[in-house]
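User: I'd like to go through this model and check what stands behind each label we put on it. Can you take my questions one by one?

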Amino acid sequence: MTVATILAGKGSEVVTVAAGQSVGDAVKLLAERRIGAAPVMQDGAVVGIFSERDVIHCLAAHGSAGLERKVREAMTAPAIAVGRDQAALGALTLMTRRRIRHLPVVEDGALVGLVSIGDLVKYRIDKIEADAEAMRSYIQGA
């Protein structure tokens, strides 16, 4: 299964933030949408990821004044991204190795989706359960 299959199952809406937006406004957006991260866009391209971890680091370094800083100053950059044709297991391995929880999906330089570690773990669990059910059916039919 590929990342494209996961995107097809979850939809392609991606909440993004602008590099020039304030950290405070980006935090409000994350809270309102109940999400942990968003790709950071500048001139139509993904230039980074802004996550809860970035908020913590920004507040630790700058105190409440960090909320007035620009997202570009707090984001994690460059963003590690994958294409639609990336194998889901490969994307999960990449996230585990790099200790990240969100991957923008980029095609021809354009953002086409976002997958989270939760999306990929759900895929793995569903696959394992489907394989187990197929095995049970095979054994019962023998």
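Analyst: Happy to. Let's start with a side-chain pair: in this predicted model, the side chains of Asp119 and Lys10 are joined at 2.8 Å.

User: What makes the link between Asp119 and Lys10 a polar contact?

Analyst: The cut-off for a pair of N or O atoms is 3.5 Å, and the Asp119–Lys10 pair sits at 2.8 Å, so it counts as a polar contact. Asp119 itself is in helix α6, residues 117-141. Leaving out residues up to four places away in sequence, Asp119 touches Ile6, Lys10 and Leu114.

User: How do you know that the buried residues of α5 are on the same side of the helix?

Analyst: The buried ones in α5 (residues 88-98) are Ala88, Ala91, Leu92 and Met95. They span an arc of only 100 degrees around the axis, so they end up on the same side of α5.

User: Why is Arg99 called exposed?

Analyst: Exposed means over 50% relative accessible area, and Arg99 has 66%, so it qualifies. Arg99 is in the loop between α5 and β4. Its phi is near 60 degrees, a positive value in a residue other than glycine.

User: What about Arg34: buried or exposed?

Analyst: Exposed, because its relative accessible area is 77% against a cut-off of 50%. Arg34 belongs to the loop between α2 and β2, and although it is not a glycine, it has a positive phi of about 55 degrees.

User: What makes the peptide bond from Ala77 to Pro78 stand out?

Analyst: That bond is cis, with omega near -5 degrees. Pro78 lies in the loop between α4 and α5.

User: Which residues touch the most other members of the largest nonpolar core?

Analyst: Among its 15 residues, those are Val17, Val23, Ala26, Val40, Phe50, Val71 and Ala74. At least two core residues come from each of α2 (23-33), β2 (37-42), α3 (52-62) and α4 (71-74). The biggest contributor is α2, with four residues. Apart from this core lies another one of 14 residues, including Ile6, Leu7, Ala88 and Met95.

User: Which residues does Val17 touch?

Analyst: Not counting residues up to four places away in sequence, Val17 touches Ala26, Leu29, Ala38, Pro39, Val40, Met41, Phe50 and Val71.

User: How much space lies in the largest pocket?

Analyst: About 270 Å³. Of the 16 lining residues, Ile49, Ser51, Thr76, Ile100 and Arg101 are the closest to its centre. β3 (45-51), α3 and β4 each supply at least two residues of the lining, and the largest share, three residues, comes from α3.

User: Last one: what pattern does the chain follow along the sequence?

Analyst: The order is α-β-α-β-β-α-α-α-β-β-α, with six helices and five strands in the chain. Of the 142 residues, 33% count as buried, so each of those has under 20% relative accessible area. Taken along the principal axes, the C-alpha atoms fill a box of roughly 70 × 30 × 25 Å. Among contacts between residues at least 6 apart in sequence, 56% join residues at least 24 apart.

Conventions. Residues are numbered from 1 along each chain as its sequence is written. This is a predicted model: local features need pLDDT of at least 70, side-chain atom pairs count only at pLDDT 80 or more; totals for chains, interfaces and linings use all residues. Side-chain values use heavy atoms; hydrogens and water are left out. A polar contact is a pair of N or O atoms within 3.5 Å; within protein, one must be able to donate a hydrogen and the other to accept it, and residues adjacent in sequence count only if both atoms are side-chain atoms. Contact means heavy atoms within 4.5 Å. Buried means under 20% relative accessible area, exposed over 50%, partly exposed in between (1.4 Å probe, protein chains only). The arc is that of the directions from the helix axis to the C-beta atoms. A nonpolar core is a set of buried Ala, Val, Leu, Ile, Met, Phe, Trp, Tyr and Cys residues joined through side-chain atoms within 4.5 Å. On a 1 Å grid over the protein atoms alone, a cavity is a set of points where a 1.4 Å probe fits but cannot get out, and a pocket is an open set with protein on both sides within 12 Å along at least five of seven lines; lining residues have an atom within 4 Å of a point. Grid points are joined across faces, edges and corners, and a volume is the space filled by probe spheres set on the points.
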